[in-house]
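Please look through the model shown below before reading the questions that follow.

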Amino acid sequence: WHPRVFALHLKSVVFCFLRCVATLPAQDTFQLSPASPVSLPLIIDSNTPVYSPSGRTYVFSSGRVPMISTFDSEMNHLLTEQVSITNGARLPMWIEAIWVSPTGAIYGWYHHERFTTCGNPALKSPEIGALVSTDGGKTFRDLGIILTSGDRDDCSAQNGFFAGGNGDFSVMPDRDGLYFYFLLSTYAGDVSAQGIAMARMSAGNLNSPVAAVWKYYNGSWSEPGLGGRVTPIFTATEPWQKAGTDAFWGPSIHWNTYLETYVVLMNRS
């Protein structure tokens, strides 16, 4: 976590909010009312997935180690505890997306930062993995890594964080429940392959996702999630290898009930 990164998050949210308000129909009127702040007892360093069954709200937040916070119906904080990972936890781990199935199982996806051989402990190479929980999110079973870059780590990278990799993402099922779509950040390879890219997985592979994810490349879902190429939908202007990176990253997607469409907020570095 870094104050400048937090400021970038705020700038992105304010910018997107103003853009959305500016494009709403002119005849609509709005009244804004004060709301009490809801604070998590943690330093937040990723997307924070939320679900609300049975009058309570559960928030997954991560600052290297995943945590779950419980709130009552009035959003009063009740409890925060560490999420337990079985089948070998890949730490540091940030749970950035979840989906609750009709059976009650919670499927999650995480950003993991793999250590490189660059000799610089600040440079990592992120990858994306999958999880499943059958006890309300207190314990997850690691299903394995499902999205990686096929490019070698670039130890000359000057961005201060990443030598390559795929990470900082969101996941959303389609309307028909046939596929799960990933919007992910790509930090590796040529600048033409860096930015915001997409991948998808058949819903039938939720419990066996390894080697079941396919990246969007040159107009089709044709490249494997593990090591495959991408065609970004928002391409970086200046690559992540430079200190002066100019790229979108960290897409956060939600269904907007007023606009009746999906809305994605992005950070810009």
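Q: What is the handedness of the disulfide of Cys118 and Cys155?
A: A disulfide is a pair of cysteine sulfur atoms within 2.5 Å, and the sulfur atoms of Cys118 and Cys155 are 2.1 Å apart. The torsion about their S-S bond is about -80 degrees, so the disulfide of Cys118 and Cys155 is left-handed.

Q: How many residues apart are the two cysteines of the pair that links distant parts of the chain?
A: This is a predicted model, in which local features need pLDDT of at least 70 and side-chain atom pairs count only at pLDDT 80 or more, while totals for chains, interfaces and linings use all residues. Residues are numbered from 1 along each chain as its sequence is written, and side-chain values use heavy atoms, with hydrogens and water left out. Strands (E, at least two residues) and helices (H or I, at least four) are DSSP runs numbered from the N terminus; Cys118 sits in the loop between E7 and E8, whereas Cys155 sits in the loop between E9 and E10, so that the DSSP numbering places the linked cysteines 37 residues apart.

Q: How confident is the predictor, as a mean pLDDT of the protein?
A: The pLDDT is the predictor's confidence in each residue, from 0 to 100. Over residues 1-21 the pLDDT is below 50, although 90% of the residues of the protein reach 70 or more. The mean pLDDT of the protein is 88.

Q: Is Cys155 buried, partly exposed or exposed?
A: Buried means under 20% relative accessible area, exposed means over 50%, and partly exposed lies in between, with a 1.4 Å probe and protein chains only. The relative accessible area of Cys155 is 42%, and therefore Cys155 is partly exposed.

Q: To which residue's backbone oxygen does the side chain of Thr116 reach at 3.3 Å?
A: Thr116 is found in the loop between strand E7 (106-115) and strand E8 (124-133), and with 16% relative accessibility Thr116 counts as buried. A polar contact is a pair of N or O atoms within 3.5 Å; within protein, one must be able to donate a hydrogen and the other to accept it, and residues adjacent in sequence count only if both atoms are side-chain atoms. A polar atom of the Thr116 side chain lies 3.3 Å from the backbone nitrogen of Cys118. The side chain of Thr116 also reaches, at 3.3 Å, the backbone oxygen of Leu123.

Q: Is Gln194 buried or exposed?
A: Gln194 is found in the loop between E11 and E12. Contact means heavy atoms within 4.5 Å, and, leaving aside neighbours within four places in sequence, Gln194 is in contact with residues including Thr186, Tyr187, Pro232, Phe234 and Trp240. Because its relative accessibility is 0%, Gln194 counts as buried.

Q: Which residue in E4 is the bridge partner of Ser69?
A: Two strands pair if DSSP finds at least two bridges between them, and strand E3 (residues 66-71) and E4 pair in the antiparallel sense over five bridges. These strands form a hairpin with five residues between them, and Phe71 stands opposite His77 in E4. The bridge partner of Ser69 in E4 is Thr80.

Q: How many residues has the largest nonpolar core?
A: A nonpolar core is a set of buried Ala, Val, Leu, Ile, Met, Phe, Trp, Tyr and Cys residues joined through side-chain atoms within 4.5 Å. Among the residues with the most contacts inside the largest core are Trp109, Ile146 and Phe182. Apart from it lies another core, of 14 residues, among them Phe60 and Met93. The largest nonpolar core has 23 residues.

Q: What is the phi of Asp168?
A: Most residues other than glycine have a negative phi, and most peptide bonds are trans. Asp168 has its place in strand E10, and at 11% relative accessibility Asp168 counts as buried. Although Asp168 is not a glycine, its phi is positive, at about 45 degrees.
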